[in-house]
Each structure stands twice: as structure tokens, then as C-alpha cells.
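Here is a short briefing on one protein model. Please look over the sequence and the fold before reading the points below.

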Amino acid sequence: METKFEILRLISDSARFHILTTLLDYSELNVSELEQLLGMKQSNTSKHLKKMKDAGILESRRDKNIVYYRISNNFMIFHEKLIQYLIL
């Protein structure tokens, strides 16, 4: 898990911030669903998802050839106050 500063730096990017808040609303989405909801290109969406996953913010699961992303349980636990602030 990244440091608090690195987490804030990562989610300060508007695309990653929107991914995070969208996943807070929908719990779990695949890349195509995120693209449609956020109006982003697949390559940009995938790039941001990888950075967020590498930082421990997101987890993924594969169902056949579709990868679904969700906010990691560890991130939710360790950054509970941040999450509460974002959903208010």
C-alpha cells in the first residue's frame, strides 16, 4: 500500500478521482462500463486502473475475458475517513 501522500497524489488526477468515486457508487465495474460512464477511451481507462491497482487502491477479478474492478478492502479500511468524505 502506498503512503498517504502518494495515495492523495494518485487520486488528485481528475480521471482517477472520477474512477474512484464511480466505483464507490457502483461497487464493481469492468473497463467498458467505466468507459461509458466516464466518457473515457479504453487505453486511458486501463492506464489509470493499472496505476490504482498497483497502488493498492483497487482490486480486480476476472470472469472469462472480462476484468472487473472494485475498491480494495484494505484501502476502504485504512482510508475510511477519506471514503466517508468522498461519499458525503
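Lys64 sits in the loop between S2 and S3. Its phi is near 60 degrees, a positive value in a residue other than glycine. Lys64 counts as exposed, because its relative accessibility is 76%; exposed means over 50% relative accessible area, buried under 20%, and partly exposed in between, with a 1.4 Å probe and protein chains only. The model is predicted, so local features need pLDDT of at least 70 and side-chain atom pairs count only at pLDDT 80 or more, while totals for chains, interfaces and linings use all residues. Residues are numbered from 1 along each chain as its sequence is written, and side-chain values use heavy atoms, with hydrogens and water left out.

**Loop between H2 and S1**
- Ser27 is located in the loop between H2 and S1. Helices (H or I, at least four residues) and strands (E, at least two) are DSSP runs numbered from the N terminus.
- Ser27 also has a positive phi in a residue other than glycine, near 70 degrees.

**Sheet**
- The 3 strands form an open sheet in the order S1-S3-S2, with antiparallel pairing. Strands pair if DSSP finds at least two bridges between them.
- Strand S1 (28–30) and strand S2 (58–63) are at the edges with a single partner strand each, so one side of each has no neighbour in the sheet.
- From one strand to the next, the twist averages 30 degrees. Axes are lines fitted to C-alpha atoms, for helices over the stretch in contact, and angles run from 0 to 180 degrees between N-to-C directions.
- S2 and S3 run antiparallel and are joined by 6 bridges.
- Arg62 is opposite Val67 in S3.

**Helices on the sheet**
- H3 lies across S1 and S3, at about 95 degrees to S1.
- H4 packs on the sheet and touches S2 and S3. Its direction makes about 115 degrees with that of S2. Contact means heavy atoms within 4.5 Å.

**H2 against H3**
- The axes of helix H2 (residues 14–26) and helix H3 (residues 31–38) come within 11 Å and cross at roughly 110 degrees.
- H2 is therefore roughly perpendicular to H3. The classes are roughly parallel under 35 degrees, roughly antiparallel over 145, roughly perpendicular from 65 to 115, and oblique for the rest.
- H2 contributes His18, Ile19, Thr22 and Tyr26 to the contact, and H3 contributes Leu34, Leu37 and Leu38.
- These residues divide into 5 nonpolar, 2 polar and no charged. Ala, Val, Leu, Ile, Met, Phe, Trp, Tyr, Cys and Pro count as nonpolar, Asp, Glu, Lys and Arg as charged, and the others, Gly among them, as polar.

**Nonpolar core**
- The largest nonpolar core has 22 residues. Such a core is a set of buried Ala, Val, Leu, Ile, Met, Phe, Trp, Tyr and Cys residues joined through side-chain atoms within 4.5 Å.
- Leu20, Leu23, Leu49, Ile57, Leu58, Ile71 and Phe75 touch the most other members.
- H2 supplies the largest share of this core, 5 residues.
- Ile71 touches Leu20, Leu23, Leu24, Ser27, Ile57, Leu58, Glu59 and Met76, leaving out residues up to four places away in sequence.

- Thr45 is in helix H4. It counts as buried because its relative accessibility is 0%.
- Beyond four places in sequence, Thr45 touches Ile19, Val31, Leu34, Glu35 and Met40.
- Ala15 belongs to helix H2. At 14% relative accessibility, Ala15 is also classed as buried.
- Ala15 is in contact with Met40 and His48, leaving aside neighbours within four places in sequence.
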